[in-house]
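Let me have the sequence and the coordinates side by side, and I will jot down what I look up.

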Amino acid sequence: MLLWSRLVLVAVAFSSLAVSPGMGCGPGRGYGRRRHPKKLTPLAYKQFIPNVAEKTLGASGRYEGKITRNSERFKELTPNYNTDIIFKDEENTGADRLMTQRCKDKLNSLAISVMNQWPGVKLRVTEGWDEDGHHFEESLHYEGRAVDITTSDRDKSKYGTLSRLAVEAGFDWVYYESKAHIHCSVKAENSVAAKSGGCFPASSTVTLRDGSSKPVKDLQSGDQILAADAEGKLLFTDFLTFIDRDSNTRRLFHVVETEAGHRIALTAAHLLFVVSNATESRGASAIFASDVQAGQVVLVPDGERLRPATVARVWTEVRVGSYAPVTAQGTLVVDRVLASCYAVVRSHELAHWALAPLRLFYRLSSVLSGEQAANSTHEDGVHWYSKVLYHLGTWILDSHFLHPLGVPS
């Protein structure tokens, strides 16, 4: 009952979003009652968020190598001259001001939060990019991806709250490391961990109604692609739009290969259908690609029906480009394997239900325009509806329902 009550809340929320005049291009400011400031829970000393090691996929990602002034990668660093931030710069070289663009963006956001939280107090950076080898081996300070921070008044009683503000500002890993400072770090700019929604690589293909194959990246409104309904019956469904599209970023994909040689690649948080045994194609459930293991059974088309296929092995590899197509049916056959259109949320049914307003929008647009052209051009980026949906989900649903790596950018 608790889950269903929460689903009702989601329905109400999305119904209100669907009719809000401020939602034409994304989530706008609401009207009426002023929102109360969000209650902040300070981090405890030695606590870190997320609760995983810093250089893992769920946090800031792996160390990619030291950057020096003479290296090609030095151009990845950009100076931060924000006057609302105090840089200690004890080396007197300006090194503490150098950082990646992602780190700079998060730091600038945090600076605003600090001034709002404590009027008259500024954010202070004690350590930024390290070119002198003062940190431990493979420290992210050597890549300009980490900063050590305090408040300008050096009031240690503020550091727990400062840590929480850093989390809220979007740093990928925050550690209340010392009584003297907070350590924050970010993912690499071009890291395969920089985005972790649910997508297929550019090389993936789908099957059109005429039997031909088409790369996912080339899908257009009006295309009808092979999918399956809730009973497991193969059919052709309308492609509606991309909820995530990125032509250039390198990302980490989980490659699932069956004993018969079918091979599908998906990001960790994408949902893939599996069945309980290799002789039954009914009763499929969707699990995250990161949870798929050898010996499990996926579904592949065989003539006019689906048949089970046993997974032989699973591995990860980096590929360029990532695309998350949405169909009217909510499913699609990619590289001859049945997959969900959805990601991040553990339940395919819940995700399909939550995206009903989006599907309705494209269906109505098609009827009104007389053609499947509601979104004939597709630009890179995460669809605004997907972003709103995820953030509502984090508020309403238990973390159990969400993939830990599935935060849309």
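Which residues in α2 meet which residues in α3? I note first that this is a predicted model. On the α2 side I find Leu110, Ser113, Val114 and Gln117, and they meet Thr161, Leu162, Leu165 and Ala166 in α3. I sorted this contact by class and got 5 nonpolar, 3 polar and no charged residues.

Next I looked up the geometry of the pair. Helix α2 covers residues 101-117 and helix α3 covers residues 159-168. They pack at an angle of about 135°, with their axes 9 Å apart, which makes α2 oblique to α3. I also noted the hand: α2 passes α3 in a right-handed crossing.

Then I went through the backbone. I found a cis peptide bond between Ile49 and Pro50, with omega about 0°. Pro50 sits in the loop between β1 (48-49) and β2 (78-79).

Lys46 is not a glycine, yet its phi is positive, near 75°. I place Lys46 in the loop between α1 (2-19) and β1.

Arg154 belongs to the loop between β6 (146-151) and α3. Its relative accessible area is 52%, so I list Arg154 as exposed.

Conventions. Residues numbered from 1 in each chain as written. Predicted model: local features only at pLDDT ≥ 70, side-chain atom pairs only at ≥ 80, totals over all residues. Heavy atoms only, no water. Axes fitted to C-alpha atoms, helices over the stretch in contact; angles between N-to-C directions. Helix = DSSP H or I, 4+ residues; strand = E, 2+ residues; numbered from the N terminus. Parallel < 35°, antiparallel > 145°, perpendicular 65-115°, else oblique. Left-handed = near helix turned anticlockwise from the far one by under 90°. Contact = heavy atoms within 4.5 Å. Nonpolar A, V, L, I, M, F, W, Y, C, P; charged D, E, K, R; others polar. Buried < 20%, exposed > 50% of the residue type's maximum accessible area, 1.4 Å probe, protein only.
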